[in-house]
Amino acid sequence: MRVKKLNWRKCATKWRQFNHRKYSVFLSMKKEINICVLSVATLTLAVPNSSTAQTVLKVEKSQNQVKTSDTEYDLDELEVIGSRIPLSPEHSVRMVQVLTRKEIEASSAQSVNDLLKLVAGVDVRQRGAYGIQTDIGINGGNSDQLTVLLNGINISNPHTGHLTVDLPVSVNDIERIEVLEGGSSRIYGSSAFSGAINIITKNEKEHKLGVNIQGGSFGTVAGDANVNFQREKIYNRLTGGYSRSDGGSENSDFNKGNAFFNGGYNSSDLNVKWQLGYSTMNYGANTFYSAAFNNQYEENRRYMAAISAETKGRVHFLPSIYWSRTMDHYLLIRTNPEAYENFHQLNVYGMNLNSYIDWHLGKSSFGVEIRNEGILSNSLGKPMEESEYVKIPGHDKSYTNSDNRTNIGLYLEHDLIWKRVTVSLGLLANMNTALDYRFRIYPGIDVSWRPINGWKLYASFNQALRMPTFTDLYYKSPTINGNIGLKPEKSTDYTIGIQYSTPYFQAKLKGFYQKGTDMIDWVKYSADDSYHSANFKLNNMGIELTTQLNFQEIYGPNSFMKRLNISYAYINQKRDDNTEIYDSNYALDFLRNKFVVSTSHRIIDKLEAQWDFRLQHRNGAFTMYENGKSTGILTPYGTYAILDLKVQWVENAYTIFLQGNNLTNHHYFDLSNVEQPGFWFMGGVKIRL
C-alpha cells in the first residue's frame, strides 16, 4: 500500500470519520481515497466501544512502520485488554466504564474527582473543591479499598485513602479514565479490593504547545501549560499547573501546584515509557477530621517516578519499576501548631514483571510484583529508639515512629478464546510480611458470551484481600483510636451483566454481590464515644444500569443533539453481626441511590453546551455540630440534586468557555459536618498551538 503525505485542505476525497455502516467499504470502490488525518480521537472511536460500552483498563499501541520512497510513517494498532493478557474488544471479559477525551473536554469538571462523579457506580465524597481531599469508592466500598493507577502504575496510598487521588496531573492532561468495578486483586494486586481506576494521560507524538487559563468565584484562579516534543522514535510531554482559591466556605482556601513529565521510545523490538510527577497542596481543612475544630490546616507533597517497557515477539515481557513519596503535615488548629501537629512521610517502592504468550491452547500469563511500603511519622507506626530518629525536612522536629511491610504477589492467568465465548481463569498468590511469610491464594474467573452480534453476557467470581492502612492501625487522637489488632479485609465477589451495543446506542445492566469478612470501619458505640477502627462482617449488593445514545451517529455531525447518557445505581448493605453501632464514619454511609444524566448539544454554529445532573441519596447519618459543640442529634445525609452547565465555543486553535457548578446553589453534606459550597462560576480559555 502506498501512503502519500497530503495536505488536509487539498484532499479531493476526505474521510472525516467512520460511519460504522456495513456497506461503507463498497462506497470507496473505484475511488482514490486520500487519508489525510487520522487522529487519536478517531482511533479511540474506531474501537466498537464507548464510555458505556465494554473497553479496557489498558490500551497499548504497537508501532507498525510503513516505508515509502518519500517518508516513513507509524501506523498505530490498538490492543485492548480487560485482564493481564491483551484481548480484543470482541473477546474482552470484564465490564469497564471509560470516560473519553471528548466527554472530559465537554464536562464542567475541575478535577479528576469531578469527572468520576459522572460514573454511576462511583461514590465521590469531596471535602474541598479542585480535588482537595476527596474519598472515592466503588460499589459501596471506601477510599482505602480502591486501587488508583496512573498510566498503569499503582499510586495508591497505604498511609490513608484520603490522599490517594492527590495527582500530579490536571484535567487537561488526561486522555481518558477507565473504571473497573468489583474485586480485581488477581489483575492489580491486593489493594484492588472493590475496584480500580486507571488514569491515562495524553501521549501525543507531535510538536504542540497548549495554555489553559480560568478564573471565577471565591477568588479562584487556575492555569496550566503543556508542551509536546518528538525526535525520531522518542516523544515527550511536559506539563505544569497552579491554582488557588479563597474557598467556597469557611477555612477552605487552598494553593495547589503540579508538574508532570512523561514520554516514551518505540521501536520494532521494544516500547519504553517513563513518567515523573510532583504535586503540592496547602489548604484550610475546615472540619475535615474533627467537627469540633473548624480551623484545621494541612500540607501535602507528592513525588513519583516510574519506567515501564514491553518487548515484542512470541513471548512478551512487561517489566516496570516505580517509586513514590508522600509528605503530610497536619495542624488541628491552624494558628497554634503546639496544640496538635502531625508529620508523616510515606515511601513506596515497587517492581513488577508481567509476561504473556499465545499458543495453541489459548493465551497464558505469569507475573510477579514486589511492593515495599514504609512510613516515618511522629504518631503512626512503632516507636523508634532516640538514636534512630529522622529529622523532618524544613522543621526542627523529628520522626519518632516508623513501620515497614513488603507485599509479594504472584499472578497466573490463562485465557480460552472461542468464536462466541471467552474464559479467563487466574489467581493471585499473596504474601505480606506484616502478617507472616505464608502465601495465600485468591482465585478468580471471568466469562463472556456473545450469542449474537451486538450482545454480550458477562459473569465473574473473584476473591480479594486488603491490608489495613497505617492510619487504621496506629492513629490516636482525642476523638480517634486506631487498632493495631485489625485483621486484613477479605471478600468474595460475584458479578453478572449484559450489554447491548450498536454504533449509535449502548446499554449495559449488571448486578453484583460482595460477601465481606473482617471489613474495616471507623465507628462510635455511643454518642459520647470516640471513633474506633474495627472489623465487621459486611455484605454489599447492588445493580447498575447505564445507557448512551449518540445522535451524531444517527443524524450526522451537524445534529443539534450530540449525546445523551443516563445511568442509575442502587446499593444495599447488610452487616452480618449483632454489634450495636451508634455512628459509622465510612462503610455504612454508602451511596444507596445515584442517578446521573449528561447531555450535550449545539446552540449555534460552534457554540455548544453540556448539562450534567446528579441525584444522590446517601445512607447513614452524622452528629451535627454547631459552633464547635455537638448537638447530640443524628442528622441523616438524605437526598440532594446537583445541576452543572458548561457552554463553550470550540475552534481548532482555541476554546472559550463559561461554566456553572451547582446552579441551584444547594448546600449539602457528603462527609460528616463538611458542608459543600453552593453555586460556583468559572470561565476561561484553552489555547492550542
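Biologist: How many aromatic pairs does the count come to?

Modeller: The count comes to 13 aromatic pairs. Keep in mind that this is a predicted model.

Biologist: Take Trp-455 and Tyr-500. Why is the pair tilted?

Modeller: The ring planes of Trp-455 and Tyr-500 are at 45 degrees, so the pair is tilted, since planes under 30 degrees apart would count as stacked and those over 60 as edge-to-face. The ring centres are 4.7 Å apart.

Biologist: Which parts of the chain does the pair link?

Modeller: Distant ones: Trp-455 is in strand 25, residues 455-466, and Tyr-500 is in strand 27, residues 489-501. The two residues are 45 apart.

Biologist: What about Phe-622 and Tyr-637, how far apart are they centre to centre?

Modeller: Their centres are 5.0 Å apart, with 50 degrees between the planes, and that pair is tilted. The pair links distant parts of the chain, with Phe-622 in strand 33 and Tyr-637 in strand 34 (residues 629-650), 15 residues apart.

Biologist: And is Phe-622 buried or exposed?

Modeller: Buried. Phe-622 has a relative accessible area of 1%, and the cut-off for buried is under 20%. Tyr-637 counts as buried as well, at 9%.

Biologist: Which residues form an aromatic cluster?

Modeller: Tyr-283, Phe-288, Tyr-289 and Tyr-330 form one.

Biologist: Switching to charges. Which residue lies over the face of Phe-657?

Modeller: Lys-646 does, at 4.9 Å from the ring centre. The charged end of Lys-686 sits over the ring of Phe-657 too, 5.8 Å from its centre.

Biologist: Now pockets. What volume does the second largest pocket have?

Modeller: About 830 Å³. The second largest pocket is lined by 49 residues.

Biologist: Which of them lie nearest its centre?

Modeller: Phe-288, Tyr-289, Ile-480, Asn-585 and Tyr-586. Phe-288 and Tyr-289 are also in the aromatic cluster I listed.

Biologist: Which element gives the largest share of the lining?

Modeller: Strand 28, with four residues. The elements that give two or more residues include strand 16 (315-331), strand 17 (341-359), helix 6 (470-474) and strand 33 (607-626). Strand 33 is where Phe-622 sits.

Biologist: How does the lining divide into nonpolar, polar and charged?

Modeller: There are 18 nonpolar, 19 polar and 12 charged residues in the lining of the second largest pocket.

How values were computed:
Residues are numbered from 1 along each chain as its sequence is written. This is a predicted model: local features need pLDDT of at least 70, side-chain atom pairs count only at pLDDT 80 or more; totals for chains, interfaces and linings use all residues. Side-chain values use heavy atoms; hydrogens and water are left out. On a 1 Å grid over the protein atoms alone, a cavity is a set of points where a 1.4 Å probe fits but cannot get out, and a pocket is an open set with protein on both sides within 12 Å along at least five of seven lines; lining residues have an atom within 4 Å of a point. Grid points are joined across faces, edges and corners, and a volume is the space filled by probe spheres set on the points. Ala, Val, Leu, Ile, Met, Phe, Trp, Tyr, Cys and Pro count as nonpolar, Asp, Glu, Lys and Arg as charged, and the others, Gly among them, as polar. Rings of Phe, Tyr and Trp (its six-membered ring) pair if their centres lie within 6.5 Å; planes under 30 degrees apart count as stacked, over 60 as edge-to-face and the rest as tilted. Buried means under 20% relative accessible area, exposed over 50%, partly exposed in between (1.4 Å probe, protein chains only). A charge sits over a ring if NZ of Lys or CZ of Arg is within 6 Å of the ring centre and within 35 degrees of the ring normal.
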